[in-house]
Amino acid sequence: MLAGSRSDSLKDSSLGVSPSTVHQAVASPSCGEGALLVTRSSGYHFIVPGFGFLIPLLLLMVVVFDAPIVYMLALAFWDKAQGFTLGYYGDVFEAPVYLRVLANTVRISVVATIVSVIIGYPLAHWIRGLGRRAKMVALALVVLPFWVSVLVRTYAWIVLLGNDGLVNRALQWLGLVQAPVSFLYNELGVTIGMTNVLLPLLVLPLYAAMARVDDRLLQAAASLGAPPSTIFWKVYFPLTLPSLAAGTLLALILCLGFYITPAILGGGRVPMISNVLDTLINVYPNWGQASAISTILLVVTLLIFAIYRRIDQTTSTK
Amino acid sequence: MIGSSIWARNILAAVGIFGLGFLTIPLVIIVPMSFSSATALTFPPPGLSLRWYDAFFGDGRWMDAMRTSIVLALISSIAALTLGGLAAYGLRRRAVAGASLAEGNFMVPLFVPTIITAVALYLGLAKMGLLGSFLGLVVAHTILNVPICVMVLGVAIREFDPRLEQVAWSLGASWLLTIRRVVLPSLAPSVFAAWIFAFIGSFDEVIVTSFIAGAYETVPKVMFNKLILEVDPTITAVATLLIAFTVLALAIVAVVRAQSDKLKSSVIMQ
């Protein structure tokens, strides 16, 4: 993800005069290094340069990842007793347990994503306005937590949010609350933990988009007499909106897959889809049901991802 | 923003500082807590001691897990780097039919919920009889770390001037020699960064490992299983070590990248 945003900026910096793109256009295809297949019919060179380099990884992926996913999708339609069935899918939308978990997952995901946007957008904007040195430090402080294990970050919240933890002691010292607030082992704790994981993922691409906004555009708007709020809403915000939309969708996709944070900060009381899948496979062994839920999760994720890719491509080609 | 009021700027700075604090304070607090002499997680620690580090290094279960984690991360990161690097090299011309499909396939483990990857690998490794084996773990971690390698190396390879390769071929070098003597040296900083990222990725992995590892235990797996049951202050020491390891690894990557940038610009200057 980090590398993703980095690659975006790199792509942009090399858009203008990249020698490799120019060369790709000019290079004759017949200088085929590692070419697997060269057939010459009517002077047309059909060539697959470097395809051989993909084969080892492709084989591995197909055997241990792609094929099992297809197999898993099929499991949801098969019942030992009655053969083909749609019952597992029916259960997902009828059994109150699954409906409750689905509702939990969607609600927590949406809240965590919105809170991340509310903190992340101003944070990225603030970093953009900092001086060179302060900017480097601030960006490092955003990148570093991103690479620290989610387990470590989640554990840190247990230490911080407990009844005798730093947050509760601070709140009591300030006189804001009388009794300790219970942050842990409920939805509040899970939401805080997830927001913490999502924030860098939102801030880094947002900052990249904001850094690309040309200051002269803002100066032009100001010189034409636009007040700061108009400059922000009519010029700056629309320029960063595609990146904000892409980041929000990415955050949402990741929310759907959260497993560690709800398991630890929810203390088993706030199960999300991934936790239920874990139980269905490792506790009950109910593969049919697990497959039906996995399929729905996979389809929803791929749908959101497709929208994300569309937005992301339009922003990076601009 | 130009001309914005002092109020607006102060609020922005407040939210910005709050956001940075929200991200970093949890990690900063862990460090002094790990040197606490108390069993309860109170801050500030009532006294200082190394007892939780002793508890970690003196516990056979943690040490076994540590060895497994390190060996697993070393092998799987190098495997991911090799396979991902070859793939990124093969993908550098998007004109290949199905290239974007193949690339999309390699990237899937990055954005699909990890639990689905875990289930898929569970089924795949079970069919091959590798469930609960070390080889199975290596295969799974390799697939999980391929996306970051393809991504980091893909960017570097696309920026690499292919005329350098063609010069080598025209002088009679085989493609193997070209890769070894021309391509790899100029990609070295990116290869190193990708390797570090893959190593961290493997070293921190919990969900897939819990699904397929059988009796094998890694540091995150032990940590996760302990955290579900109780809060053990030994974990504070483990967490501090992991934070220190991440800071160190990222610092090395940053230094290597800065060095190579400096080198590049000095070459251009001459």
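No salt bridges turn up between chain B and chain A, a salt bridge being a side-chain nitrogen of Lys or Arg within 4 Å of a carboxyl oxygen of Asp or Glu. The model is predicted, so local features need pLDDT of at least 70 and side-chain atom pairs count only at pLDDT 80 or more, while totals for chains, interfaces and linings use all residues. Residues are numbered from 1 along each chain as its sequence is written, chains are lettered from A in the order in which they are written, and side-chain values use heavy atoms, with hydrogens and water left out.

Polar contacts do exist here: three residue pairs, both at pLDDT 80 or more, link chain B and chain A this way (a pair of N or O atoms within 3.5 Å; within protein, one must be able to donate a hydrogen and the other to accept it, and residues adjacent in sequence count only if both atoms are side-chain atoms). On the chain B side, helix H1 (residues 6-34) gives the most, with 17 residues (helices are DSSP runs of H or I, at least four residues, numbered from the N terminus). That side of chain B splits into 73 nonpolar, 14 polar and 10 charged residues, with Ala, Val, Leu, Ile, Met, Phe, Trp, Tyr, Cys and Pro counted as nonpolar, Asp, Glu, Lys and Arg as charged, and the others, Gly among them, as polar. In total, the contact (heavy atoms within 4.5 Å) takes in 97 residues from chain B and 91 residues from chain A.

As for how much surface gets covered, the two chains bury about 8,500 Å² between them, 82% of it on carbon and sulfur atoms; this is accessible area (1.4 Å probe) lost on being put together, summed over both.

How values were computed. Helices (H or I, at least four residues) and strands (E, at least two) are DSSP runs, numbered from the N terminus.
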